[in-house]
Amino acid sequence: MSTQSEAAPDALEFEYDLAEPPEKVWRALTVPELLAAWMMPNDIRPEIGSRFAFARPEAPIECEILDAEPERLLRYSWREQPRDATRQEPLDSVVTFTLARTVSGGTHLRIVHDGFAGKAMPAVAMAGAGCRLSLGLRGAGTPIAANTPRLLLRAA
């Protein structure tokens, strides 16, 4: 099991302090309809070993739950088929969500996408924008990832 200090050098790391409690954030990550509202349609079941997919028009993103501790930790594999026919290898990576209750009763959310940055840097801004907008952080004016160049996103 990896910890915050063990993130891979090619990982994207995002950290947010949310007003919502961990119970509510956990539901947003694990209830298919709620997850679809800010990500993509899916059939997630937060049980270790269960497989699910994010639906995309080009090809689904195939996932498997690797670790699930309700209201604390969710980790799953992420296998994205190439959109470009000239690229033969899928993007294999791991996404980890770590939730910690803050002193105010909210949630400190840490998202790490290991194995993603080196292979898909053009998607960094898109990934950050999706998280920022969906978690109600419009106009926060902070970097979208702890280890990326200072990219600032503003909601329209």
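Analyst: A residue counts as buried under 20% relative accessible area, as exposed over 50%, and as partly exposed in between. The model discussed here is predicted.

User: Is R101 buried, exposed or partly exposed?

Analyst: The relative accessibility of R101 is 48%. Buried requires a value under 20% and exposed a value over 50%. R101 therefore counts as partly exposed.

User: Which residue forms a salt bridge with R101, and where does that partner lie?

Analyst: The closest N and O atoms of the pair are 2.2 Å apart, and a salt bridge needs a distance within 4 Å. The partner is E23. R101 belongs to strand β5 (residues 91-101), 78 residues apart from E23 in the chain. E23 lies in helix α1 (residues 22-30).

User: How many salt bridges does the whole structure hold?

Analyst: One of them joins E47 and R45, at 3.7 Å from N to O. Salt bridges that share partners also join E13, E15 and R110 into one network. A search of the whole structure gives a total of 10.

User: Which two strands does the salt bridge between D92 and R79 tie together?

Analyst: The closest N and O atoms of D92 and R79 are 3.1 Å apart. The two residues are 13 residues apart in sequence, and each sits in a strand, so the pair ties together separate parts. D92 is partly exposed at 37%, and R79 is partly exposed at 34%. The strands are β5 for D92 and β4 (residues 73-80) for R79.

User: In what order do the strands of the sheet stand?

Analyst: The sheet is open, has 6 strands and is paired in the antiparallel sense. Its order is β1-β6-β5-β4-β3-β2.

User: Which strands stand at the edges of the sheet?

Analyst: An edge strand here has a single partner strand, so one of its sides is left without a neighbour in the sheet. β1 pairs with strand β6 (residues 107-114) over 7 bridges, and β2 pairs with strand β3 (residues 61-69) over 4 bridges. The edge strands are β1 (12-18) and β2.

User: Which residue of β6 is the bridge partner of L12?

Analyst: β1 and β6 run antiparallel to each other. In β6, the bridge partner of L12 is H113.

User: Which strands of the sheet does α1 touch?

Analyst: α1 packs on the sheet, and its direction makes about 160 degrees with that of β5. The strands touched are β1, β3, β4, β5 and β6.

User: Which residue takes a positive phi in the hairpin of β3 and β4?

Analyst: β3 and β4 run antiparallel and are joined by 8 bridges; D67 has R75 as its bridge partner in β4. The hairpin has 3 residues between the strands. At a phi near 65 degrees, the residue is E71.

User: How many residues of β4 are buried?

Analyst: β4 is paired with β3 through 8 bridges and with β5 through 8 bridges. The strand is mostly covered. Of its 8 residues, the number buried is 6.

User: Is the ring pair of F52 and Y76 stacked, tilted or edge-to-face?

Analyst: F52 and Y76 are both buried. Their ring centres are 5.1 Å apart and their planes stand at 85 degrees. Planes over 60 degrees apart count as edge-to-face. The pair is therefore edge-to-face.

User: What type of aromatic pair do Y76 and F97 form?

Analyst: Y76 lies in strand β4 and F97 in strand β5, 21 residues apart. Their ring centres are 6.0 Å apart, with 40 degrees between the planes. Planes under 30 degrees apart would be stacked and those over 60 edge-to-face. The pair is tilted.

User: Which residues do ring pairs link into a cluster?

Analyst: The structure holds 5 aromatic pairs. Y76 and F97, which form one of these pairs, are both buried. The residues in the cluster are F52, F54, Y76, W78 and F97.

Key:
Residues are numbered from 1 along each chain as its sequence is written. This is a predicted model: local features need pLDDT of at least 70, side-chain atom pairs count only at pLDDT 80 or more; totals for chains, interfaces and linings use all residues. Side-chain values use heavy atoms; hydrogens and water are left out. A salt bridge is a side-chain nitrogen of Lys or Arg within 4 Å of a carboxyl oxygen of Asp or Glu. Buried means under 20% relative accessible area, exposed over 50%, partly exposed in between (1.4 Å probe, protein chains only). Two strands pair if DSSP finds at least two bridges between them. Contact means heavy atoms within 4.5 Å. Axes are lines fitted to C-alpha atoms, for helices over the stretch in contact, and angles run from 0 to 180 degrees between N-to-C directions. Rings of Phe, Tyr and Trp (its six-membered ring) pair if their centres lie within 6.5 Å; planes under 30 degrees apart count as stacked, over 60 as edge-to-face and the rest as tilted.
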